[in-house]
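User: Please examine the model shown here and answer some questions on its chain arrangement and its DNA contacts.

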Number of protein chains: 2
Amino acid sequence: MAKRNTSELKPIEDVLTVWDVLTPDERQFVKNHFTTHYFKKNEIIHCEGELPTHMMVLAAGKVKVYKEGVGSRTQIIRMLKPGEHFGYRAIIASQTYNTNVAAFEPSTVYMLKADIFLSILRNNNAFCYRFLEEIAADLGASDARTVNLTQKHIRGRLAEALLLLRKNYGLEEDGATINIYLSREDLANLSNMTTSNAIRTLSNFVNEHIIAMDGRKLKIIDEERLIKISKMG
Amino acid sequence: MAKRNTSELKPIEDVLTVWDVLTPDERQFVKNHFTTHYFKKNEIIHCEGELPTHMMVLAAGKVKVYKEGVGSRTQIIRMLKPGEHFGYRAIIASQTYNTNVAAFEPSTVYMLKADIFLSILRNNNAFCYRFLEEIAADLGASDARTVNLTQKHIRGRLAEALLLLRKNYGLEEDGATINIYLSREDLANLSNMTTSNAIRTLSNFVNEHIIAMDGRKLKIIDEERLIKISKMG
DNA sequence: CTAAATTTGTGCTTTAAAACATTGTTGTCA
DNA sequence: TGACAACAATGTTTTAAAGCACAAATTTAG
(Lines give C-alpha, C1' and ligand atoms only; values in the text may rest on other atoms or scores of the structure.)
Protein backbone atom coordinates (compact mmCIF):
# COMPACT_ATOMS: atom_id res chain seq x y z
CA MET A 1 0.00 0.00 0.00
CA ALA A 2 1.15 3.52 -0.74
CA LYS A 3 2.35 5.82 1.99
CA ARG A 4 -0.44 7.65 3.79
CA ASN A 5 1.30 10.87 2.85
CA THR A 6 1.28 10.09 -0.83
CA SER A 7 -2.26 8.86 -1.01
CA GLU A 8 -3.59 12.02 0.63
CA LEU A 9 -1.52 14.37 -1.48
CA LYS A 10 -3.46 16.61 -3.81
CA PRO A 11 -2.27 16.70 -7.40
CA ILE A 12 -0.61 19.84 -8.71
CA GLU A 13 -3.69 21.02 -10.58
CA ASP A 14 -5.53 21.21 -7.26
CA VAL A 15 -2.69 22.79 -5.30
CA LEU A 16 -1.47 25.38 -7.75
CA THR A 17 -3.91 28.27 -7.37
CA VAL A 18 -2.78 29.83 -10.64
CA TRP A 19 -3.62 26.67 -12.58
CA ASP A 20 -6.78 28.19 -14.04
CA VAL A 21 -4.90 30.85 -16.00
CA LEU A 22 -2.53 28.37 -17.64
CA THR A 23 -3.10 27.35 -21.25
CA PRO A 24 -3.51 23.64 -22.05
CA ASP A 25 0.04 23.58 -23.38
CA GLU A 26 1.42 25.25 -20.29
CA ARG A 27 -0.48 22.83 -18.08
CA GLN A 28 1.07 19.90 -19.82
CA PHE A 29 4.47 21.53 -19.65
CA VAL A 30 4.18 22.11 -15.92
CA LYS A 31 2.91 18.58 -15.36
CA ASN A 32 5.87 17.17 -17.23
CA HIS A 33 8.46 19.23 -15.43
CA PHE A 34 7.49 19.81 -11.82
CA THR A 35 9.15 17.75 -9.11
CA THR A 36 7.92 16.65 -5.71
CA HIS A 37 10.01 16.96 -2.56
CA TYR A 38 9.36 15.79 0.97
CA PHE A 39 10.74 17.58 4.00
CA LYS A 40 10.90 16.31 7.55
CA LYS A 41 9.92 18.38 10.54
CA ASN A 42 12.41 21.25 11.02
CA GLU A 43 14.18 20.42 7.76
CA ILE A 44 15.38 23.45 5.86
CA ILE A 45 13.96 23.94 2.38
CA HIS A 46 16.13 26.84 1.33
CA CYS A 47 18.57 29.27 2.91
CA GLU A 48 19.28 32.98 2.88
CA GLY A 49 22.03 33.82 0.42
CA GLU A 50 21.53 30.87 -1.91
CA LEU A 51 20.72 31.35 -5.56
CA PRO A 52 17.08 30.60 -6.28
CA THR A 53 16.54 27.62 -8.55
CA HIS A 54 12.83 26.89 -8.30
CA MET A 55 9.46 28.42 -7.82
CA MET A 56 7.87 26.36 -5.07
CA VAL A 57 4.35 25.59 -3.97
CA LEU A 58 3.55 24.07 -0.63
CA ALA A 59 1.47 20.99 -1.44
CA ALA A 60 1.01 19.74 2.12
CA GLY A 61 2.21 20.69 5.57
CA LYS A 62 3.20 23.96 7.20
CA VAL A 63 6.38 25.95 6.74
CA LYS A 64 7.93 29.08 8.21
CA VAL A 65 9.72 31.83 6.30
CA TYR A 66 12.27 33.51 8.54
CA LYS A 67 15.37 35.67 8.65
CA GLU A 68 18.43 35.39 10.80
CA GLY A 69 19.22 38.82 12.17
CA VAL A 70 21.69 40.29 14.63
CA GLY A 71 23.51 37.55 16.55
CA SER A 72 21.56 34.97 14.52
CA ARG A 73 18.42 35.87 16.40
CA THR A 74 15.66 34.64 14.15
CA GLN A 75 12.55 36.49 13.08
CA ILE A 76 9.69 34.59 11.49
CA ILE A 77 8.45 36.70 8.58
CA ARG A 78 5.45 34.65 7.58
CA MET A 79 4.05 31.15 7.67
CA LEU A 80 2.66 29.28 4.73
CA LYS A 81 -0.14 26.83 4.24
CA PRO A 82 -0.80 24.50 1.32
CA GLY A 83 -1.38 26.30 -1.97
CA GLU A 84 0.94 29.19 -1.18
CA HIS A 85 3.93 29.99 -3.38
CA PHE A 86 7.43 30.75 -2.20
CA GLY A 87 10.98 31.06 -3.45
CA TYR A 88 9.88 33.03 -6.48
CA ARG A 89 10.53 36.55 -5.19
CA ALA A 90 14.28 36.10 -5.44
CA ILE A 91 13.94 34.72 -8.98
CA ILE A 92 11.98 37.73 -10.13
CA ALA A 93 14.15 40.28 -8.35
CA SER A 94 17.30 38.53 -9.66
CA GLN A 95 18.62 38.23 -6.14
CA THR A 96 19.65 35.47 -3.80
CA TYR A 97 17.06 34.27 -1.30
CA ASN A 98 16.76 36.78 1.49
CA THR A 99 14.94 34.39 3.79
CA ASN A 100 15.21 30.86 5.07
CA VAL A 101 12.30 28.46 4.75
CA ALA A 102 11.90 25.42 6.98
CA ALA A 103 9.18 22.88 7.65
CA PHE A 104 7.19 23.21 10.87
CA GLU A 105 5.86 19.74 10.31
CA PRO A 106 6.41 17.10 7.62
CA SER A 107 5.72 18.92 4.36
CA THR A 108 5.53 18.30 0.65
CA VAL A 109 6.68 20.86 -1.87
CA TYR A 110 6.14 20.97 -5.62
CA MET A 111 8.96 22.69 -7.46
CA LEU A 112 9.16 24.22 -10.89
CA LYS A 113 12.52 25.17 -12.38
CA ALA A 114 13.19 28.92 -12.46
CA ASP A 115 13.60 29.11 -16.23
CA ILE A 116 10.29 27.37 -16.82
CA PHE A 117 8.57 29.63 -14.32
CA LEU A 118 10.10 32.70 -15.93
CA SER A 119 9.13 31.63 -19.43
CA ILE A 120 5.49 31.29 -18.38
CA LEU A 121 5.60 34.62 -16.55
CA ARG A 122 6.92 36.27 -19.69
CA ASN A 123 4.37 34.71 -22.04
CA ASN A 124 1.19 34.51 -20.05
CA ASN A 125 0.01 37.90 -18.90
CA ALA A 126 -2.75 36.59 -16.64
CA PHE A 127 -0.20 34.37 -14.89
CA CYS A 128 2.14 37.32 -14.44
CA TYR A 129 -0.68 39.47 -13.11
CA ARG A 130 -1.67 36.83 -10.56
CA PHE A 131 1.80 36.90 -9.09
CA LEU A 132 1.75 40.66 -9.12
CA GLU A 133 -1.46 40.55 -7.09
CA GLU A 134 -0.03 38.04 -4.67
CA ILE A 135 3.17 39.94 -4.05
CA ALA A 136 1.30 43.26 -3.75
CA ALA A 137 -0.74 41.77 -0.93
CA ASP A 138 2.43 40.39 0.68
CA LEU A 139 4.13 43.78 0.57
CA GLY A 140 1.17 45.39 2.30
CA ALA A 141 1.30 42.72 5.00
CA SER A 142 5.05 43.10 5.41
CA ASP A 143 4.84 46.85 5.97
CA ALA A 144 2.01 46.41 8.42
CA ARG A 145 4.02 43.82 10.28
CA THR A 146 7.04 46.09 10.51
CA VAL A 147 5.01 48.66 12.38
CA ASN A 148 3.31 46.10 14.59
CA LEU A 149 6.58 44.49 15.59
CA THR A 150 8.36 47.76 16.25
CA GLN A 151 5.66 49.71 18.01
CA LYS A 152 3.55 47.28 20.00
CA HIS A 153 4.47 46.06 23.42
CA ILE A 154 5.07 42.42 24.22
CA ARG A 155 1.47 41.61 25.09
CA GLY A 156 0.25 43.24 21.90
CA ARG A 157 2.76 41.42 19.76
CA LEU A 158 1.95 38.04 21.24
CA ALA A 159 -1.79 38.65 20.97
CA GLU A 160 -1.32 39.57 17.34
CA ALA A 161 0.72 36.43 16.70
CA LEU A 162 -1.99 34.23 18.19
CA LEU A 163 -4.66 35.87 16.07
CA LEU A 164 -2.45 35.57 13.01
CA LEU A 165 -1.96 31.85 13.65
CA ARG A 166 -5.64 31.29 14.00
CA LYS A 167 -6.40 33.26 10.87
CA ASN A 168 -3.78 31.40 8.88
CA TYR A 169 -4.25 27.83 10.07
CA GLY A 170 -7.73 27.92 11.52
CA LEU A 171 -9.12 25.86 14.37
CA GLU A 172 -9.33 22.15 15.07
CA GLU A 173 -12.60 20.23 15.17
CA ASP A 174 -13.28 21.39 18.73
CA GLY A 175 -13.77 24.88 17.32
CA ALA A 176 -11.29 26.43 19.74
CA THR A 177 -7.77 24.98 19.49
CA ILE A 178 -5.48 26.73 17.04
CA ASN A 179 -4.58 24.26 14.33
CA ILE A 180 -0.81 24.47 14.62
CA TYR A 181 1.53 23.45 17.40
CA LEU A 182 4.53 25.69 17.87
CA SER A 183 7.36 25.62 20.33
CA ARG A 184 7.58 28.58 22.67
CA GLU A 185 10.70 29.54 20.81
CA ASP A 186 8.91 29.71 17.45
CA LEU A 187 6.15 31.71 19.06
CA ALA A 188 8.78 34.09 20.39
CA ASN A 189 10.47 34.35 16.99
CA LEU A 190 7.14 35.16 15.47
CA SER A 191 6.43 37.89 18.00
CA ASN A 192 9.88 39.42 18.21
CA MET A 193 10.60 38.59 21.83
CA THR A 194 12.71 36.21 23.87
CA THR A 195 11.48 32.71 24.64
CA SER A 196 11.21 33.54 28.35
CA ASN A 197 8.97 36.45 27.59
CA ALA A 198 6.77 34.40 25.29
CA ILE A 199 6.32 31.84 28.06
CA ARG A 200 5.71 34.48 30.72
CA THR A 201 3.22 36.41 28.63
CA LEU A 202 1.42 33.24 27.61
CA SER A 203 1.07 32.34 31.31
CA ASN A 204 -0.30 35.78 32.01
CA PHE A 205 -2.90 35.36 29.29
CA VAL A 206 -3.92 32.05 30.85
CA ASN A 207 -4.25 33.66 34.29
CA GLU A 208 -6.39 36.37 32.80
CA HIS A 209 -8.58 33.72 31.13
CA ILE A 210 -7.82 35.06 27.67
CA ILE A 211 -6.44 31.77 26.41
CA ALA A 212 -6.12 28.19 27.63
CA MET A 213 -3.01 26.07 27.26
CA ASP A 214 -2.30 22.39 27.28
CA GLY A 215 1.31 21.93 26.31
CA ARG A 216 1.55 23.29 22.82
CA LYS A 217 -2.17 23.26 22.36
CA LEU A 218 -3.51 26.80 22.46
CA LYS A 219 -7.13 27.83 22.73
CA ILE A 220 -8.45 31.33 22.38
CA ILE A 221 -11.05 31.85 25.08
CA ASP A 222 -11.70 35.57 25.08
CA GLU A 223 -11.18 36.69 21.51
CA GLU A 224 -12.44 40.21 22.11
CA ARG A 225 -9.84 40.92 24.75
CA LEU A 226 -7.14 39.40 22.61
CA ILE A 227 -8.09 41.70 19.75
CA LYS A 228 -8.18 44.65 22.10
CA ILE A 229 -4.73 43.81 23.49
CA SER A 230 -3.36 43.38 20.00
CA LYS A 231 -4.71 46.77 18.92
CA MET A 232 -3.65 48.78 21.93
CA GLY A 233 -0.06 47.62 21.74
CA MET B 1 8.96 83.59 -17.84
CA ALA B 2 7.81 80.17 -16.74
CA LYS B 3 8.24 78.98 -13.19
CA ARG B 4 11.66 77.56 -12.44
CA ASN B 5 9.96 74.37 -11.35
CA THR B 6 8.14 73.93 -14.61
CA SER B 7 11.03 74.71 -16.85
CA GLU B 8 13.25 72.18 -15.11
CA LEU B 9 10.62 69.48 -15.04
CA LYS B 10 11.43 66.42 -17.11
CA PRO B 11 8.69 65.19 -19.42
CA ILE B 12 6.90 61.95 -18.62
CA GLU B 13 8.82 59.94 -21.20
CA ASP B 14 12.02 60.73 -19.29
CA VAL B 15 10.60 60.19 -15.83
CA LEU B 16 8.60 57.03 -16.35
CA THR B 17 11.16 54.25 -16.21
CA VAL B 18 8.79 51.76 -17.80
CA TRP B 19 8.31 53.98 -20.85
CA ASP B 20 10.52 51.76 -23.01
CA VAL B 21 8.18 48.78 -22.80
CA LEU B 22 5.10 50.75 -23.85
CA THR B 23 3.80 50.41 -27.41
CA PRO B 24 3.46 53.57 -29.52
CA ASP B 25 -0.30 53.49 -28.95
CA GLU B 26 0.11 53.12 -25.22
CA ARG B 27 2.62 55.95 -25.14
CA GLN B 28 0.17 58.24 -26.83
CA PHE B 29 -2.59 57.08 -24.52
CA VAL B 30 -0.51 57.78 -21.43
CA LYS B 31 0.55 61.17 -22.78
CA ASN B 32 -3.05 62.12 -23.38
CA HIS B 33 -4.30 61.04 -20.00
CA PHE B 34 -1.68 61.65 -17.32
CA THR B 35 -2.06 64.67 -15.06
CA THR B 36 0.55 66.75 -13.25
CA HIS B 37 0.24 67.74 -9.60
CA TYR B 38 2.38 69.99 -7.43
CA PHE B 39 2.75 69.47 -3.71
CA LYS B 40 4.19 71.89 -1.18
CA LYS B 41 6.63 70.91 1.50
CA ASN B 42 4.93 68.61 4.04
CA GLU B 43 1.77 68.42 1.96
CA ILE B 44 0.09 65.03 2.02
CA ILE B 45 -0.27 63.25 -1.32
CA HIS B 46 -2.41 60.38 -0.14
CA CYS B 47 -3.58 58.88 3.13
CA GLU B 48 -3.89 55.46 4.71
CA GLY B 49 -7.39 54.07 4.29
CA GLU B 50 -8.32 55.98 1.15
CA LEU B 51 -9.29 54.21 -2.03
CA PRO B 52 -6.50 54.34 -4.60
CA THR B 53 -7.39 56.30 -7.71
CA HIS B 54 -4.07 56.73 -9.51
CA MET B 55 -0.75 55.15 -10.20
CA MET B 56 1.76 57.87 -9.43
CA VAL B 57 5.30 58.66 -10.46
CA LEU B 58 7.44 61.15 -8.64
CA ALA B 59 8.61 63.58 -11.33
CA ALA B 60 10.59 65.92 -9.10
CA GLY B 61 11.24 66.33 -5.40
CA LYS B 62 11.44 63.93 -2.48
CA VAL B 63 8.63 62.19 -0.67
CA LYS B 64 8.23 59.91 2.33
CA VAL B 65 6.02 56.84 2.57
CA TYR B 66 4.99 56.26 6.16
CA LYS B 67 2.53 54.55 8.46
CA GLU B 68 0.83 55.82 11.57
CA GLY B 69 1.10 53.15 14.22
CA VAL B 70 0.24 52.83 17.90
CA GLY B 71 -0.67 56.20 19.41
CA SER B 72 -0.18 57.75 15.94
CA ARG B 73 3.54 57.27 16.27
CA THR B 74 4.78 57.41 12.72
CA GLN B 75 7.15 55.03 11.01
CA ILE B 76 8.74 56.01 7.71
CA ILE B 77 8.64 52.94 5.48
CA ARG B 78 10.61 54.25 2.54
CA MET B 79 11.57 57.42 0.76
CA LEU B 80 11.22 58.06 -2.92
CA LYS B 81 13.23 59.93 -5.47
CA PRO B 82 12.22 61.05 -8.97
CA GLY B 83 11.35 58.17 -11.30
CA GLU B 84 9.94 55.94 -8.56
CA HIS B 85 6.34 54.71 -8.68
CA PHE B 86 3.90 54.72 -5.80
CA GLY B 87 0.22 54.33 -5.04
CA TYR B 88 -0.07 51.34 -7.34
CA ARG B 89 0.29 48.56 -4.78
CA ALA B 90 -3.16 49.23 -3.37
CA ILE B 91 -4.67 49.27 -6.86
CA ILE B 92 -3.21 45.88 -7.70
CA ALA B 93 -4.06 44.31 -4.35
CA SER B 94 -7.60 45.78 -4.52
CA GLN B 95 -7.10 47.39 -1.15
CA THR B 96 -7.15 50.86 0.31
CA TYR B 97 -3.80 52.60 0.70
CA ASN B 98 -1.99 51.19 3.67
CA THR B 99 0.47 54.05 3.87
CA ASN B 100 0.54 57.82 3.84
CA VAL B 101 2.71 59.68 1.38
CA ALA B 102 3.84 63.27 1.96
CA ALA B 103 6.30 65.63 0.34
CA PHE B 104 9.62 66.24 2.13
CA GLU B 105 10.20 69.18 -0.15
CA PRO B 106 8.22 70.77 -2.99
CA SER B 107 7.45 67.89 -5.34
CA THR B 108 5.80 67.17 -8.65
CA VAL B 109 3.83 64.00 -9.28
CA TYR B 110 2.54 62.57 -12.54
CA MET B 111 -0.65 60.59 -12.11
CA LEU B 112 -2.32 58.01 -14.27
CA LYS B 113 -5.88 56.90 -13.55
CA ALA B 114 -6.17 53.44 -12.03
CA ASP B 115 -8.31 52.00 -14.83
CA ILE B 116 -5.83 53.11 -17.47
CA PHE B 117 -2.94 51.71 -15.47
CA LEU B 118 -4.78 48.42 -15.01
CA SER B 119 -5.67 48.14 -18.68
CA ILE B 120 -2.01 48.49 -19.67
CA LEU B 121 -0.96 46.00 -16.99
CA ARG B 122 -3.46 43.50 -18.36
CA ASN B 123 -2.46 43.93 -21.99
CA ASN B 124 1.24 44.50 -21.95
CA ASN B 125 3.15 41.62 -20.44
CA ALA B 126 6.52 43.38 -20.35
CA PHE B 127 4.90 46.29 -18.48
CA CYS B 128 3.32 43.90 -16.00
CA TYR B 129 6.62 42.09 -15.52
CA ARG B 130 8.46 45.34 -14.82
CA PHE B 131 6.11 46.10 -11.96
CA LEU B 132 6.48 42.57 -10.72
CA GLU B 133 10.24 43.09 -10.64
CA GLU B 134 9.91 46.39 -8.86
CA ILE B 135 7.57 45.11 -6.17
CA ALA B 136 9.65 41.95 -5.70
CA ALA B 137 12.63 44.13 -4.87
CA ASP B 138 10.50 46.25 -2.54
CA LEU B 139 9.25 43.20 -0.67
CA GLY B 140 12.81 42.02 -0.11
CA ALA B 141 13.74 45.45 1.23
CA SER B 142 10.69 45.56 3.47
CA ASP B 143 11.45 42.23 5.10
CA ALA B 144 15.08 43.22 5.60
CA ARG B 145 13.95 46.46 7.18
CA THR B 146 11.62 44.67 9.57
CA VAL B 147 14.52 42.72 11.00
CA ASN B 148 16.82 45.73 11.12
CA LEU B 149 14.29 47.86 12.93
CA THR B 150 13.33 45.18 15.42
CA GLN B 151 16.71 43.72 16.23
CA LYS B 152 19.29 46.47 16.00
CA HIS B 153 20.01 48.87 18.81
CA ILE B 154 19.54 52.59 18.52
CA ARG B 155 23.03 53.34 17.21
CA GLY B 156 22.74 50.61 14.60
CA ARG B 157 19.35 51.81 13.44
CA LEU B 158 20.47 55.40 13.12
CA ALA B 159 23.66 54.42 11.32
CA GLU B 160 21.60 52.36 8.92
CA ALA B 161 19.23 55.26 8.30
CA LEU B 162 22.10 57.59 7.48
CA LEU B 163 23.59 55.10 5.05
CA LEU B 164 20.17 54.54 3.51
CA LEU B 165 19.71 58.28 3.01
CA ARG B 166 23.05 58.61 1.36
CA LYS B 167 22.43 55.63 -0.87
CA ASN B 168 19.02 56.93 -1.88
CA TYR B 169 19.66 60.61 -2.34
CA GLY B 170 23.40 60.74 -2.79
CA LEU B 171 25.78 63.53 -1.84
CA GLU B 172 25.96 67.21 -2.64
CA GLU B 173 28.69 68.76 -4.76
CA ASP B 174 31.08 68.84 -1.80
CA GLY B 175 31.15 65.05 -1.97
CA ALA B 176 30.28 64.64 1.68
CA THR B 177 26.94 66.22 2.66
CA ILE B 178 23.93 63.92 2.36
CA ASN B 179 21.64 65.40 -0.27
CA ILE B 180 18.49 65.64 1.85
CA TYR B 181 17.67 67.75 4.87
CA LEU B 182 15.46 66.08 7.43
CA SER B 183 14.16 67.22 10.76
CA ARG B 184 15.36 65.24 13.75
CA GLU B 185 11.82 64.00 14.06
CA ASP B 186 11.81 62.55 10.54
CA LEU B 187 15.17 60.98 11.21
CA ALA B 188 13.71 59.43 14.36
CA ASN B 189 10.64 58.19 12.47
CA LEU B 190 12.91 56.60 9.92
CA SER B 191 14.98 54.85 12.57
CA ASN B 192 12.20 53.78 14.91
CA MET B 193 13.22 55.85 17.90
CA THR B 194 12.14 58.95 19.77
CA THR B 195 13.26 62.39 18.65
CA SER B 196 15.34 62.83 21.81
CA ASN B 197 17.20 59.65 21.09
CA ALA B 198 17.84 60.63 17.48
CA ILE B 199 19.31 63.93 18.66
CA ARG B 200 21.33 62.30 21.39
CA THR B 201 22.71 59.56 19.17
CA LEU B 202 23.51 62.03 16.41
CA SER B 203 25.49 64.10 18.94
CA ASN B 204 27.35 61.00 20.03
CA PHE B 205 28.29 60.24 16.43
CA VAL B 206 29.61 63.80 16.09
CA ASN B 207 31.68 63.44 19.27
CA GLU B 208 33.09 60.20 17.94
CA HIS B 209 33.97 61.91 14.66
CA ILE B 210 31.78 59.54 12.67
CA ILE B 211 29.67 62.32 11.20
CA ALA B 212 29.64 66.12 11.13
CA MET B 213 26.53 68.24 11.60
CA ASP B 214 25.59 71.76 10.71
CA GLY B 215 21.94 72.19 11.48
CA ARG B 216 20.17 69.75 9.22
CA LYS B 217 23.22 69.28 7.07
CA LEU B 218 24.77 65.90 7.71
CA LYS B 219 28.16 64.71 6.55
CA ILE B 220 29.47 61.19 6.83
CA ILE B 221 33.10 61.41 7.95
CA ASP B 222 33.98 57.86 8.90
CA GLU B 223 31.94 55.64 6.65
CA GLU B 224 33.65 52.44 7.72
CA ARG B 225 32.70 52.88 11.33
CA LEU B 226 29.18 53.81 10.37
CA ILE B 227 28.87 50.61 8.38
CA LYS B 228 30.34 48.65 11.24
CA ILE B 229 27.91 50.20 13.73
CA SER B 230 25.01 49.52 11.41
CA LYS B 231 25.99 45.87 11.04
CA MET B 232 26.68 45.11 14.66
CA GLY B 233 23.33 46.46 15.83
C1' DC C 1 10.37 93.62 14.89
C1' DT C 2 8.68 91.54 18.54
C1' DA C 3 5.86 87.51 20.16
C1' DA C 4 4.61 82.87 19.61
C1' DA C 5 5.58 78.49 18.02
C1' DT C 6 8.42 75.02 16.62
C1' DT C 7 12.69 72.63 16.65
C1' DT C 8 16.86 71.31 18.90
C1' DG C 9 19.66 69.96 22.74
C1' DT C 10 20.48 67.87 27.61
C1' DG C 11 19.91 65.96 31.96
C1' DC C 12 17.17 62.97 35.01
C1' DT C 13 13.71 59.28 35.98
C1' DT C 14 11.11 55.44 34.90
C1' DT C 15 10.07 51.27 32.67
C1' DA C 16 9.73 47.45 29.46
C1' DA C 17 12.14 43.88 27.99
C1' DA C 18 16.50 41.36 27.71
C1' DA C 19 19.80 38.61 30.06
C1' DC C 20 20.85 35.43 33.37
C1' DA C 21 20.12 31.69 36.63
C1' DT C 22 17.79 27.85 38.33
C1' DT C 23 14.46 24.24 38.53
C1' DG C 24 10.93 21.36 36.81
C1' DT C 25 8.99 18.65 32.88
C1' DT C 26 8.76 15.88 28.98
C1' DG C 27 10.55 13.19 25.52
C1' DT C 28 14.09 10.17 23.26
C1' DC C 29 16.97 6.58 22.51
C1' DA C 30 20.94 3.56 23.72
C1' DT D 1 14.97 1.74 32.33
C1' DG D 2 17.85 5.22 33.30
C1' DA D 3 20.48 9.09 31.39
C1' DC D 4 20.64 12.85 28.57
C1' DA D 5 18.79 16.36 25.95
C1' DA D 6 15.44 19.51 24.73
C1' DC D 7 11.75 22.25 26.27
C1' DA D 8 8.97 24.88 29.68
C1' DA D 9 8.41 27.69 33.73
C1' DT D 10 9.64 31.31 36.90
C1' DG D 11 12.30 34.43 39.81
C1' DT D 12 16.07 38.03 39.86
C1' DT D 13 19.15 41.40 37.85
C1' DT D 14 20.59 44.48 34.38
C1' DT D 15 20.10 47.59 30.69
C1' DA D 16 18.49 50.03 26.63
C1' DA D 17 15.38 53.11 25.41
C1' DA D 18 11.18 55.71 26.42
C1' DG D 19 9.24 59.45 29.00
C1' DC D 20 9.51 63.75 31.06
C1' DA D 21 11.05 68.36 32.08
C1' DC D 22 13.19 72.31 30.79
C1' DA D 23 16.40 75.51 28.40
C1' DA D 24 18.30 77.34 24.20
C1' DA D 25 18.05 78.19 19.47
C1' DT D 26 15.69 78.85 15.35
C1' DT D 27 11.66 79.67 12.47
C1' DT D 28 7.21 81.59 11.59
C1' DA D 29 3.56 84.71 12.12
C1' DG D 30 1.14 88.76 13.43
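This is a predicted model: local features need pLDDT of at least 70, side-chain atom pairs count only at pLDDT 80 or more; totals for chains, interfaces and linings use all residues.

Analyst: Residues are numbered from 1 along each chain as its sequence is written, chains are lettered from A and ligands numbered from 1 in the order in which they are written, and side-chain values use heavy atoms, without hydrogens and water.

User: By what turn can chain A be laid on chain B?

Analyst: Superposition is by least squares on the C-alpha atoms of residues with pLDDT of at least 70 in both copies. The RMSD is 0.0 Å and the shift along the axis 0.0 Å, with a turn of 180°. The two copies are thus related as by a two-fold rotation axis, the turn being 180°.

User: Is A:N98 buried or exposed?

Analyst: Buried means under 20% relative accessible area, exposed over 50%, and partly exposed in between (1.4 Å probe, protein chains only). The relative accessibility of A:N98 is 15%, so A:N98 counts as buried.

User: Which phosphate-contacting atom of A:I154 lies 3.0 Å from DNA strand C?

Analyst: A polar contact is a pair of N or O atoms within 3.5 Å; within protein, one must be able to donate a hydrogen and the other to accept it, and residues adjacent in sequence count only if both atoms are side-chain atoms. At 3.0 Å from a phosphate oxygen of DNA strand C, the atom of A:I154 is a backbone N or O.
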